[in-house]
Amino acid sequence: MLNDIHNHWKNDEAVRVKCLGVPTVDMQNVCHQLEDKTGGLIIHRHGGQLILYRGRHYNPKKRPVIPLMLWKPAEPVYPRIIKTTIEGLTVEETKEMRKKGLYVPVLTKLAKNGYYASLVPMVRDAFLTDELVRIDSKGLPKSDYRKIGVKLRDLVPCIIVSFDKEQIIVWRGKDYNGTIQDNTQKTSVSVLEEESAGAESENGDQEQASSDWASDECSQLSSSDEMPDDKSAISEVDSD
C-alpha cells in the first residue's frame with residue numbers, strides 16, 4: 001500500500017484513500033500511521049475517505065525504501081482475550097452475566113467491511129443507562145469481531161464478556177461513572193458560557209461607546225447652540 005501511494009505521487013500531488021473494516025474503529029490511529037509512514041499530510045477527511053497530500057517539496061528520488069517481505073512472518077502469540085472469570089466477579093456471577101448478555105437488546109448490527117468510527121461513542125452513550133452492551137456481528141469473520149472487541153476494550157474502555165453466537169458483549173465495570181462524557185459536556189458548556197459572556201461584554205462595550213458618543217454629540221451641539229447667544233450678547237454690548 002505504501003508503495004502504491006508513492007507511485008501515485010509521481011504524477012499527482014494527492015491520493016485518495018478509502019478506509020473500511022476493523023481499522024475504522026480508531027480513525028485517529030489510521031491517520032497518524034498514514035502520515036507517519038508516508039511522510040505526507042492529510043488535508044481532507046470525510047468518513048472513511050482521506051486525501052493524502054505529498055507536500056510542496058516532494059522528491060520521488062528521496063522516497064523511503066520499503067523492504068519487500070519475501071516470506072510471511074510468524075503470527076504473534078497474544079494473551080487470552082476472555083478469561084474464565086471476570087476481574088472482580090466470581091465464577092457464578094461471570095456465568096450469569098454471560099447468559100444475561102445474550103438477551104440484552106442489540107445496540108447495533110455491524111456490516112461486513114463497514115465504517116465503524118461511530119461505534120465507540122455509541123457504546124459510551126449506552127453505558128450511561130445500561131451496564132451490558134451487545135453488538136450483533138453475524139456475517140463478520142471471527143478474527144474481525146474479536147479485533148473490534150479488543151479495540152472497544154482499549155478505547156471505551158470496557159471489559160469483554162463474551163463472543164458467543166457471533167455477538168460482542170461488553171461490560172462497563174463496577175467503577176464506571178461516565179466521567180469522560182461528563183467532563184466533555186462540562187467543557188462544552190463552559191466554552192459556551194465563556195462565548196456568551198464575551199458576547200455580552202462586547203455588547204456592553206458597544207453600548208457604552210455609543211452612549212459616550214451620544215453624550216459627546218450632545219455636548220458639542222449644546223456648545224454650538226450657546227455660541228450664537230454669546231456673539232449676540234457681544235454685539236449688543238458693542239452697540240451700546
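**Helix H1**

I began with helix H1 (residues 2-9), where I found Ile5, His6 and Trp9 buried, buried meaning under 20% relative accessible area, exposed over 50% and partly exposed in between, with a 1.4 Å probe and protein chains only. Helices here are DSSP runs of H or I with at least four residues, strands are runs of E with at least two, and both are numbered from the N terminus. The model is predicted, so I kept in mind that local features need pLDDT of at least 70 and that side-chain atom pairs count only at pLDDT 80 or more, whereas totals for chains, interfaces and linings use all residues. I also noted that residues are numbered from 1 along each chain as its sequence is written, and that side-chain values use heavy atoms, with hydrogens and water left out.

Looking down the axis of H1, I saw that its buried residues fall within an arc of 95 degrees, so they line one face of the helix; the arc is that of the directions from the helix axis to the C-beta atoms. An α-helix has 3.6 residues a turn, so residues three or four places apart point the same way. I then asked what covers the buried residues of H1. The cover includes strand S1 (14-18), helix H2 (27-38) and strand S3 (49-53).

**Helix pairs**

I looked up H1 against H2 next: their axes come within 11 Å and cross at roughly 65 degrees, the axes being lines fitted to C-alpha atoms, for helices over the stretch in contact, with angles running from 0 to 180 degrees between N-to-C directions. Leu2, Ile5, His6 and Trp9 of H1 make the contact with Leu34, Lys37 and Thr38 of H2, where contact means heavy atoms within 4.5 Å. H1 passes H2 in a right-handed crossing, a crossing being right-handed if the near helix is turned clockwise from the far one by less than a right angle and left-handed if anticlockwise.

For the second pair, I found helix H4 (residues 119-126) packed with helix H5 (residues 142-155) at an angle of about 60 degrees, with the axes 10 Å apart. H4 and H5 are therefore oblique to each other, since angles under 35 degrees count as roughly parallel, over 145 as roughly antiparallel, 65 to 115 as roughly perpendicular and the rest as oblique. The crossing of H4 and H5 is right-handed, and Leu119, Val120, Val123 and Arg124 in H4 meet Ile148, Leu152 and Leu155 in H5.

I turned to Asp136, which lies in strand S5 (residues 132-136) and, at 12% relative accessibility, counts as buried. Which side chain does the side chain of Asp136 make a polar contact with? I found that of Gln167, at 3.0 Å; a polar contact is a pair of N or O atoms within 3.5 Å, where within protein one must be able to donate a hydrogen and the other to accept it, and residues adjacent in sequence count only if both atoms are side-chain atoms. Not counting residues up to four places away in sequence, Asp136 touches Val106, Thr108, Lys109, Leu110, Glu166 and Gln167.

Lys109 itself sits in strand S4 (residues 106-109) and is exposed at 52% relative accessibility. Beyond its neighbours within four places in sequence, Lys109 is in contact with Asp136 and Lys138, and its side chain reaches the backbone oxygen of Lys138 at 3.4 Å. I also recorded that Lys109 and Ile135 are 26 residues apart in sequence but 6.1 Å apart in space, C-alpha to C-alpha.

**Thr94**

In helix H3 (residues 91-101) I looked at Thr94, which is buried with a relative accessible area of 1%. The side chain of Thr94 reaches the backbone nitrogen of Ile86 at 3.3 Å, and, leaving aside neighbours within four places in sequence, Thr94 is in contact with Thr84, Thr85, Ile86 and Leu89.

**Backbone entries**

The peptide bond from Val156 to Pro157 is cis, with omega near -15 degrees, and I placed Pro157 in the loop between H5 and strand S6 (159-162). In the loop between S6 and strand S7 (167-171) I came to Lys165, a residue other than glycine with a positive phi, near 55 degrees, and exposed at a relative accessible area of 65%. Glu166, in the loop between S6 and S7, has a positive phi near 60 degrees and counts as partly exposed at 32% relative accessibility.
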